[in-house]
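Here is a briefing on a two-chain model.

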Amino acid sequence: MSDSHANDMLVVLRHSPHGSSWLREGLEAALVAAAFGRGVSLLFSGEGVMALLDSQQPGPLGQKGTQPMLEMLPMYDIDAFWVDVDTLRSLGLKQDDLIFPVAEMAREAFPDFFQQHQLILNF
Amino acid sequence: MKTLSWPRRLAGPVRYDSSIVTMAMEVGSLPMRYALLVQGPPYSVQASHSALRFAGAVVARGHQLDTVFFYHDGVYNAARLASPPQDEPHLVDAWRNLHDQHGTALLVCIASGLRRGIVDAKEASRHGKEGFSLAPPFELTGLGQLIDAGFTHDRLVTFAP
C-alpha cells in the first residue's frame, strides 16, 4: 500500500456473508477503489465479523462465496483489516478462528479511526 | 442486527427523521458540492424519500447537488415503467426533475442494475432483451464513479434501508 494514500477510504462491513448481498457489494466497492489506486481499510463489525470465519461456503442458493474475494484483497494492495473486538468476544470467537490475522479494534476507538479517513462507506 | 448494534450515527446511513433537513441547513452559507449514495429501493423503505427531501434542502440552501449514485436496491429508483398511484409521490419523476432543474447526474451501478433487470437500451440489446427499463436521464455507470464522487465532492451522504 502506498503511504500517501494509506487512509483514503474506509469500508465498514456490518453484514454476514449470507442473507443479503451487502457484504459482497461492500467488498466490490473496496476492490474498485483499490483498482483506482486508493488506499482502503476494511473494518468488520457486527455480523460482518462472520465474513472472516474459515470455510464459509457459497451454499445451495448459487451465490458466489465471499471468501475468495477476501483472499484476493491483498493482491489489490488492501491489507489494512480491522475487526470490532467487542463483536468478536460477543460471538465467542478468537483470532485463531479467522481466515487470516486481523487487527483488533475496540469500539471506543471507532470515532478517531473514522476521522482518519477521507471517505467512509457503510455496508 | 439489533443485538449487535453499534454507534451508527458516527458514520452510518442518514435515516428517517426531519433532522435531515436541519443537517443540510447547518452547513452554513459556504456553497458545497454534494453527492448522495442511495441504496434503498423506492416505496418499500424510506431511504429514497429521505434522500429526495435532503436533495431538495441542499439545493434550496444554494448548494450544488452534482451527483446521485444508486447502488444495491437503490437502482430500482431508475425504473422507467414505475407507475405509482396519482396521489402518491412519483419518485422516479422526482429524480428526473432534479436532473432537469439542477443538472444532477443520476448514476446507476451497472452491475447492480443488470442483476435486477434495470438495463438501458444498449445493454438490453447486448443481452438480447426486448425493451429497456432504465429511464433516461439515469445512466448506467461503474462503481468507480461512486469512489470518484466520494473524493471529488465536499460531502457524500448515504441513504440506506
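Are A:E28 and A:R24 buried or exposed? Both A:E28 and A:R24 are buried, where buried means under 20% relative accessible area, exposed means over 50%, and partly exposed lies in between (1.4 Å probe, protein chains only).

This is a predicted model, so local features need pLDDT of at least 70 and side-chain atom pairs count only at pLDDT 80 or more, while totals for chains, interfaces and linings use all residues. Residues are numbered from 1 along each chain as its sequence is written, chains are lettered from A and ligands numbered from 1 in the order in which they are written, and side-chain values use heavy atoms, with hydrogens and water left out.

**Interface of chain A and chain B**

- The size of an interface is often given as the accessible area lost when the parts come together.
- Chain A and chain B bury about 2400 Å² between them. Buried area is the accessible area (1.4 Å probe) that two parts lose on being put together, summed over both.
- Carbon and sulfur atoms account for 67% of that buried area.
- On the chain A side, A:R14, A:W22 and A:E25 lose the most area to chain B. Together they give 24% of what that side buries.
- Chain A brings 29 residues to the contact and chain B brings 24 residues. Contact means heavy atoms within 4.5 Å.
- Two salt bridges cross the interface. A salt bridge is a side-chain nitrogen of Lys or Arg within 4 Å of a carboxyl oxygen of Asp or Glu.
- B:R116 pairs with A:E25 in a salt bridge, at 3.6 Å from N to O.
- Three residue pairs are in polar contact between chain A and chain B, both residues at pLDDT 80 or more. A polar contact is a pair of N or O atoms within 3.5 Å; within protein, one must be able to donate a hydrogen and the other to accept it, and residues adjacent in sequence count only if both atoms are side-chain atoms.
- On the side of chain A that touches chain B, the elements giving two or more residues are β1 (9-13), α1 (22-35), α3 (85-90), α4 (110-115) and β5 (119-122). Helices (H or I, at least four residues) and strands (E, at least two) are DSSP runs, numbered from the N terminus.
- The largest share of that side, seven residues, comes from α1(A).
- By class, that side of chain A holds 14 nonpolar, seven polar and eight charged residues. Ala, Val, Leu, Ile, Met, Phe, Trp, Tyr, Cys and Pro count as nonpolar, Asp, Glu, Lys and Arg as charged, and the others, Gly among them, as polar.

**Salt bridges**

- Side chains of opposite charge can pair when their charged atoms come close.
- Over all chains, the count is 11 salt bridges.
- A:R38 and A:D8 form one, with the closest N and O atoms 3.9 Å apart. A:R38 lies in the loop between α1 and β2 (40-44) of chain A and A:D8 in the segment before β1, so the pair ties together parts that are 30 residues apart in sequence.
- A:R38 is partly exposed at 27% relative accessible area, whereas A:D8 is buried at 6%.
- A:E28 and A:R24 meet at 3.7 Å, N to O. They sit four residues apart in helix α1 of chain A, about one helical turn.
- A network of salt bridges links A:R24, A:E28 and B:R115.
- In chain B, B:R126 bridges to B:E123, with the closest N and O atoms 3.2 Å apart. Both lie in helix α5 (residues 121-126), three residues apart, about one turn of the helix.
- B:R126 is exposed at 59% relative accessibility; B:E123 is buried at 7%.

**Fold of chain A**

- Chain A has four helices and five strands. Their order along the sequence is β-α-β-α-β-α-β-α-β.
- Of the 123 residues in chain A, 53% are buried.
- Among contacts between residues at least 6 apart in sequence, 74% join residues at least 24 apart.
- Chain A exposes about 5600 Å², with 51% of it from carbon and sulfur atoms. Accessible areas come from the Shrake-Rupley method with a 1.4 Å probe; for residues, only the protein chains shown count as cover.

**The A:H117 site**

- A:H117 lies in the loop between α4 and β5 of chain A. A:H117 is buried, at 7% relative accessible area.
- Its side chain makes a polar contact with the side chain of A:S41 at 3.1 Å.
- The A:H117 side chain also reaches the backbone oxygen of A:F113 at 2.9 Å.
- Leaving out residues up to four places away in sequence, A:H117 touches A:N7, A:D8, A:M9, A:L10 and A:S41.
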